[in-house]
Amino acid sequence: MDMARSRRHLPPVTLEDGKDSDNHLLEKKPGFNAAKLLCISLLCLLVLPALVSLRYHALSQDSVPGQSQISQLQQNPGRIVEEQDMASTRIGDDKLLADQTKNNQVPDVDRHTNGRDLDKENETSSSMTQGIGGSSLENADNGDSLLDSLLAEGFSRRSCRSRHEVYRYRKASKYKPSAYLVERLRKYEALHRRCGPNTEIFNKSLDQLKSGKITGDGDCQYIVWTTYSGLGNRIVTIAATFLYALLTNRVLLIDRGRDMSDLFCEPFPNTSWFLPSDFPLALLRHCNETSIQRYGNLLNNSIIQVYENGTLSSLPHYIYLHLTHNYNFHDKLFFCETEQHFLEHIPWLFLKSNNYFVPSLYLLPIFNKELHHLFPDKDSVFHHLGRYLFHPSNQVWGLITRFYQSYMAYAKQRIGIQIRTFDPGFFPHISEQVVDCSLKNGVLPNVLINDEALEDTYLNGDMKKPYVVLVTSLHSGYYEKIKSMYWEHPTLDGQLVSVYQPSHEEWQQTEKQSHNMKAWAEMYLLSLCDVLITSPWSTFGYVAQGFGGIKPWILFKPENDTTPDPPCREVMSMEPCFHAPPFYDCQAKKGKDTGKVFPYVKHCEDVPWGLKLVENDEL
């Protein structure tokens, strides 16, 4: 600005026709002297190079494609990424709608972007989440978003953020899926795409189901999981049902009920596992103890003899498998080989259960060898199937990540305490049992009576990282007890302990969507801990330990409102317990203790008559 002003006040210089400009400058005029000539020369030397440089810089910027966008991104990077994301979404959604209209196929929730956009999107996701939560997340970041090839590629981040981000929150698992399991999962995904909802094969089979007639020429068979019981029970039974589908080459379909689609992402690429809207849900509503299509009733009425002596048309077009805790003797024959051979001819199976029935599948000779190939580590069945099938929806993932980053990310160690009582209210003896278990087994540090022997709370000039305790319970009393203990008293070694509880709903509200979202988020947060204390009989705890690959300390069931001694024990394996297994020898046709057939199928720590899978070296 000053140089421009100086230029405007210079004496005007004009060239006369026929005169040399240099002579003109030397012409003597009033007030002209050597000092003024020197000033003019210096100004020219300073101004002209600057003007040339500025012009060249402007031309260079305009000549590079996208240079203005780069400058804008440097000033406001978030805005550019957001605008590009929104534009990509609009383009992808328009293309998706056009494809749906043209082909009349199921909406493909994972084709919102083409391959190039997907790479860019996931690369953006990686940069956005890099370093979230500080050093704790960097330690957990194992760089393997596909979990040792357990998960398939082809999903966009936008459709399911948790699938692409969870590896940054969880340490790499020491349990690796077998190559055979990975191969079978890819084959199943291809089967589901070929036979799943809104395909020609599915529509034809659905028409036969509605009409009550089967032709026997269908090359796809189905098993429909019907929604039942609490969320923990639903998760473990879906995993068991999927394994059965894998063993029998059936397509698994899920009754979405009130909220299943709001809780979980789609697990299989380019297809859906939810029943389509035109499915006759009335068939599912009739699946109960009195159903004439109940397998136990059909067996009791000798339906197998009818099949052996009749024609194909005498087969039922579907069968209902009643595998809940109150199933009867004939229902339990599902776990016998002869009955399994009969079910091979039934195109549609509807299943209702609140049991993790995987241990009894190992007792079936027709499945045993295949199961050994799929899971060389027998105590990792639910660990692999759970991480493969269940990915929190974007809304639930938001609950998880916000809580984790706010309260758990900077912890020295994360301790999860899951307290489930089947009677409402707060019970002091259970609170004492939890504290007793954590202190006796070194899960939490001991406390001092006073602050006199308190150690320095700083380490090498920095504040010590705290132990973070995550308490999940329907009641807040247990959280208050532990929090008060570490607020009112210092720890023996000066270690800091922070205690948090995400929610306390007071009682279980199975049919309430927000309740189930919080429950699912808390199960997942527990699975991100380093150490767990869990409650007996609780599928909530089973899910957390399985997802996290953790063998927890499990509390013993109290009797007479007193604290047990010992208060807890470490479990044999992270596998869930099958609470109501059959005790029957199918070949000998008599009762038998099925917990003594194989060394890797044992009775549970919390349910003495239950069954669970263990590794032989853990006995």
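**Strand pairs and helix packing**

Trainee: Which residue in S9 stands opposite Val468?
Mentor: Val468 faces Ser498 of S9. Keep in mind that this is a predicted model, where local features need pLDDT of at least 70 and side-chain atom pairs pLDDT 80 or more, while totals for chains, interfaces and linings use all residues. Numbering starts from 1 along each chain as its sequence is written, and side-chain values use heavy atoms, leaving out hydrogens and water.

Trainee: What makes S8 and S9 a pair?
Mentor: Strands (DSSP E runs of at least two residues, numbered from the N terminus) pair if DSSP finds at least two bridges between them. Strand S8 (residues 467-472) has four bridges to S9, so the two qualify as a pair. They run parallel.

Trainee: How do you know that helix H23 packs on the sheet?
Mentor: Contact means heavy atoms within 4.5 Å, and H23 (residues 477-488) touches strand S5 (413-418), S8 and S9.

Trainee: Why are H11 and H20 called roughly perpendicular?
Mentor: Their packing angle is about 100°, with the axes 10 Å apart. Axes are lines fitted to C-alpha atoms, for helices over the stretch in contact, with angles from 0 to 180 degrees between N-to-C directions. Since 65 to 115 degrees counts as roughly perpendicular, the two helices are therefore given that name.

Trainee: What makes the contact of H11 with H20 nonpolar?
Mentor: Ala, Val, Leu, Ile, Met, Phe, Trp, Tyr, Cys and Pro count as nonpolar. Ile235 and Phe242 are among the H11 residues there, and they meet H20 residues including Leu385 and Tyr388. The contact has eleven nonpolar residues, no polar and no charged.

Note on methods: Angles under 35 degrees count as roughly parallel, over 145 as roughly antiparallel, 65 to 115 as roughly perpendicular and the rest as oblique.
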